[in-house]
Amino acid sequence: MKFIGIIPARYASTRFPAKPLAMLGGKTVIQRVYEQVSGILDEAYVAIDDERIESAVKAFGGKVVMTSVNHKSGTDRCYEAYCKVGSGYDVIVNIQGDEPFIQRSQLEAVKACFNDESTQIATLVKPFTVDDGFEALENVNSPKVVVDKNMNALYFSRSIIPYQRNKEKAEWLQGHTYYKHIGLYAYRAAVLKEITALPQSSLEQAESLEQLRWLENGYTIKVGISEVETIGIDTPQDLARAEKFLLEHKEIK
């Protein structure tokens with residue numbers, strides 16, 4: 001199978017405007033994401049909506065495709081970019097443009113989900129650990145996932161799922177393996193076309209989680225497991241954390 005990576009990158013982020021162009025250890029955030037992905041997938045493009053990001057990507061030698069400023073989700077932007085780049089790929093991998101530390105092992109894990117011919121969509125999770133603490137578990141900005149015995153997603157929620165009725169909350173992480181969603185998606189080409197044509201669903205609007213639209217419409221989402229912790233850049237505070245991470249990990253250039 002051939003895999004193409006699409007990295008959606010918006011300029012007008014609500015919480016962090018111009019985020020893709022923010023500097024992190026001497027490179028822009030978008031350059032770090034692109035370099036982490038290059039060479040692992042068959043091809044990689046940054047899907048942008050602003051000429052300033054286009055110029056920055058071309059300056060470091062990256063491939064870029066201009067997309068509409070009106071997209072409501074990264075998935076929609078991915079599909080437009082894929083259509084413009086051309087066919088010939090079996091799976092489109094949607095890599096968040098604010099994940100500068102995405103690892104090869106994570107991309108390989110999501111690719112491996114498609115060894116199962118029935119896989120329509122794939123994503124990743126990371127198990128919460130006892131050391132993470134209950135505060136991390138209840139963080140609404142860190143969606144949780146429950147899966148079935150075949151590692152297909154049953155539901156995603158900003159709430160803690162499942163709720164352990166007969167245990168104190170301090171014991172929840174000891175009594176059950178909770179999964180934190182990592183926002184990396186991959187879709188078979190035909191499925192991506194179908195899901196971008198779906199209207200928003202009630203569950204999606206309630207939780208503000210796009211993937212619930214797909215579940216609500218009967219699509220299956222295969223879940224791969226990653227043990228790697230990454231730092232997403234959602235706010236300037238996250239950028240400061242990422243700078244600290246770089247200083248503590250000199251091996252990352």
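Me: How much space lies in the largest cavity?
Reply: About 60 Å³. Keep in mind that this is a predicted model.

Me: How many cavities of 30 Å³ or more does the count come to?
Reply: One.

Me: Which residues line the largest cavity?
Reply: Ile-95, Gln-96, Glu-99, Ile-102, Gln-106, Leu-124, Ile-182, Gly-183, Leu-184 and Thr-230.

Me: How do the residues of that lining divide into nonpolar, polar and charged?
Reply: Five are nonpolar, four are polar and one is charged.

Me: Which element gives the most to the lining?
Reply: Strand 10, residues 179-188. Strand 10 gives three residues to the lining of the largest cavity.

Me: Switching to strand 4. Which residues are in it, and how many of them are buried?
Reply: Strand 4 covers residues 43-48, and six of its six residues are buried.

Me: Which residues point one way from strand 4, and which the other way?
Reply: Glu-43, Tyr-45 and Ala-47 point one way. Ala-44, Val-46 and Ile-48 point the other way. Both sets are buried.

Me: What about strand 1 and strand 4: how many bridges join them?
Reply: Six, and the two strands run parallel. Strand 1 is residues 3-9. Gly-5 stands opposite Ala-44 there.

Me: And how many bridges join strand 4 to strand 5?
Reply: Three, again with the strands parallel. Strand 5 is residues 64-66. In this pair, Val-46 stands opposite Val-64.

Me: Now helix 3. How many residues, and how far does it reach from its first C-alpha to its last?
Reply: Helix 3 runs over residues 74-85, so to speak twelve residues, and reaches 16 Å. That is close to the 16 Å expected at 1.5 Å a residue.

Me: Which residues of helix 3 are buried?
Reply: Thr-75, Asp-76, Arg-77, Cys-78, Tyr-79, Glu-80, Ala-81 and Tyr-82.

Me: What follows helix 3?
Reply: Gly-86, with a positive phi near 120°.

Me: What is phi of Met-151?
Reply: Near 60°, which is positive in a residue other than glycine. Met-151 lies in the loop between strand 8 (144-147) and strand 9.

Me: Is Ser-208 buried or exposed?
Reply: Exposed, because its relative accessible area is 53% and the cut-off is over 50%.

Me: Last one, Thr-129. Where is it found?
Reply: In the loop between strand 7 (121-127) and helix 5 (133-137). Thr-129 is partly exposed, with a relative accessible area of 33%.

Me: What separates the C-alpha atoms of Thr-129 and Tyr-178?
Reply: 8.2 Å, with the two residues 49 apart along the chain.

Methods: Residues numbered from 1 in each chain as written. Predicted model: local features only at pLDDT ≥ 70, side-chain atom pairs only at ≥ 80, totals over all residues. Heavy atoms only, no water. 1 Å grid on protein atoms, 1.4 Å probe; cavity = no way out; pocket = protein on both sides within 12 Å on 5 of 7 lines; lining within 4 Å. Points joined across faces, edges and corners; volume = space filled by probe spheres on them. Helix = DSSP H or I, 4+ residues; strand = E, 2+ residues; numbered from the N terminus. Nonpolar A, V, L, I, M, F, W, Y, C, P; charged D, E, K, R; others polar. Expected span 1.5 Å × (residues − 1). Buried < 20%, exposed > 50% of the residue type's maximum accessible area, 1.4 Å probe, protein only. Pairing = 2+ DSSP bridges.
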